[in-house]
Amino acid sequence: MKRGCADGSPSFSCACYNLGMKIALVVYSLTGHTYEMAEEIVNGIAGTGAEARIYNIKDVDVDKDFIDSSSGLIIGTPTYMAGCVWQIRKWLEEDSKSFSLAGKLGGAFATAHYAQGGQDTAIMDILGQLLVKGMLVYSGGGAFGLPIIHHGPVALDKEEDHYERSREMFRIYGSRFASECLKLFS
Ligand SMILES: Cc1cc2nc3c(=O)[nH]c(=O)nc-3n(C[C@H](O)[C@H](O)[C@H](O)COP(=O)(O)O)c2cc1C
């Protein structure tokens, strides 16, 4: 059954079929913000009919079979000291060595306290590592109009109501990311 795009974008409406497309999210979340935004991304992905699973590496082991059979991998991190957390860096550098990541679509997102907190650096840390692994990278894009997402979505937990307002952007990012996977791999 054809399902609507979560972002309402007509340009993707022809690609939104459930074709067994899988997308994995690997995040580190200590106090829950990064995990909650990962859930919003999954909500956006679900609108395209693709299947998505979140692995918070603080609590669970990552399912290698699911990731190996996924078309896309999205990494989420809190911003610590204006960069990504060491747990994500370790997962990318060591724990995922035996995973089949080359050729998949990759993306990254961050949560942080402050607008000048270094979240863009955190995202670029991750995107650089995905490139090293031979992955394609996707930002969410400015070309689709609002919301403009330059490197990846960000939610700030200490800037007025930015965190709650960000939820929709994360859903749209999920929809755009899954639609891009469908275009590339289906
Ligand atoms: C040790 C530590 C360092 C942090 N460093 C930064 C930082 O450099 N910039 C920033 O904006 N927020 C910083 N934060 C705030 C976190 O990035 C923010 O609260 C994030 O949403 C937490 O994610 P989580 O709830 O998924 O664990 C830091 C938090 C901790 C605990």
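My entries below go from the whole chain to its parts.

**Entry 1: the whole chain**

I started by reminding myself that this is a predicted model. I counted up the secondary structure and got five helices and seven strands. Reading from the N terminus, I wrote down the order as β-α-β-α-β-β-α-β-α-β-β-α. The chain has 186 residues, and 46% of them count as buried. I also looked at contacts between residues at least 6 apart in sequence: 78% of these join residues at least 24 apart.

**Entry 2: around the ligand**

Next I asked myself which residues are closest to the ligand. They are T31, T34, P78, A112 and G117, out of 19 residues that surround the ligand. I sorted the shell by type and found eight nonpolar residues, 10 polar ones and one charged.

**Entry 3: helix α1**

I listed the buried ones: H33, T34, Y35, M37, A38, E40, I41, V42, G44 and I45. Then I looked for what covers the buried residues of α1, and found, among others, the strands β1 (22-27), β2 (51-56), β3, β5 and β7 (154-156), along with the helix α5 (162-185).

I turned to β5 and found eight of its eight residues buried. I remembered a rule for strands: in a regular strand the side chains alternate between the two faces of the sheet. In β5, L105, G107, F109 and T111 point one way, while G106, A108, A110 and A112 point the other way, and all are buried.

Which strands pair with β5? I noted three of them:

- β3 pairs with β5 in the parallel sense over seven bridges, and G76 stands opposite F109 there.
- β6 (residues 136-137) pairs with β5 in the parallel sense over two bridges, with G106 opposite V137.
- β7 pairs with β5 in the parallel sense over three bridges, and A110 has V154 as its bridge partner.

**Entry 4: strand β1**

Five of its six residues are buried, so β1 is largely enclosed by the rest of the structure. It pairs with β2 in the parallel sense over six bridges, and A24 stands opposite R53 in β2.

**Entry 5: the two sides of α3**

In helix α3 (residues 86-95) I found I88, W91 and L92 buried. They cover an arc of only 90 degrees around the axis, which puts them on the same side of α3.

**Entry 6: a buried loop residue**

I then picked out Y138, which sits in the loop between β6 and β7. Is Y138 buried or exposed? It counts as buried, because it has 22 C-beta neighbours inside 10 Å and the cut-off for buried is 20 or more. Leaving out residues up to four places away in sequence, Y138 touches L105, G106, G107, F177 and E180. I also compared Y138 with I74: they are 64 residues apart in sequence, and 9.5 Å apart in space, C-alpha to C-alpha.

I kept the backbone for last, with one rule in mind: most residues other than glycine have a negative phi, and most peptide bonds are trans. The bond from L146 to P147 is cis, with omega near -5 degrees, and P147 lies in the loop between β6 and β7. M81 has a positive phi of about 50 degrees although it is not a glycine, and A82 has one of about 60 degrees. I placed M81 in the loop between β3 and β4, and A82 lies in the loop between β3 and β4 as well. M81 counts as exposed, with 11 C-beta neighbours inside 10 Å, whereas A82 is partly exposed, with 15 other C-beta atoms within 10 Å.

Note on methods
Residues numbered from 1 in each chain as written. Predicted model: local features only at pLDDT ≥ 70, side-chain atom pairs only at ≥ 80, totals over all residues. Near = placed C-beta within 6 Å. Nonpolar A, V, L, I, M, F, W, Y, C, P; charged D, E, K, R; others polar. Buried ≥ 20, exposed ≤ 12 C-beta atoms within 10 Å, placed from the backbone. Helix = DSSP H or I, 4+ residues; strand = E, 2+ residues; numbered from the N terminus. Contact = placed C-beta atoms within 7 Å. Pairing = 2+ DSSP bridges. Arc of directions from axis to C-beta.
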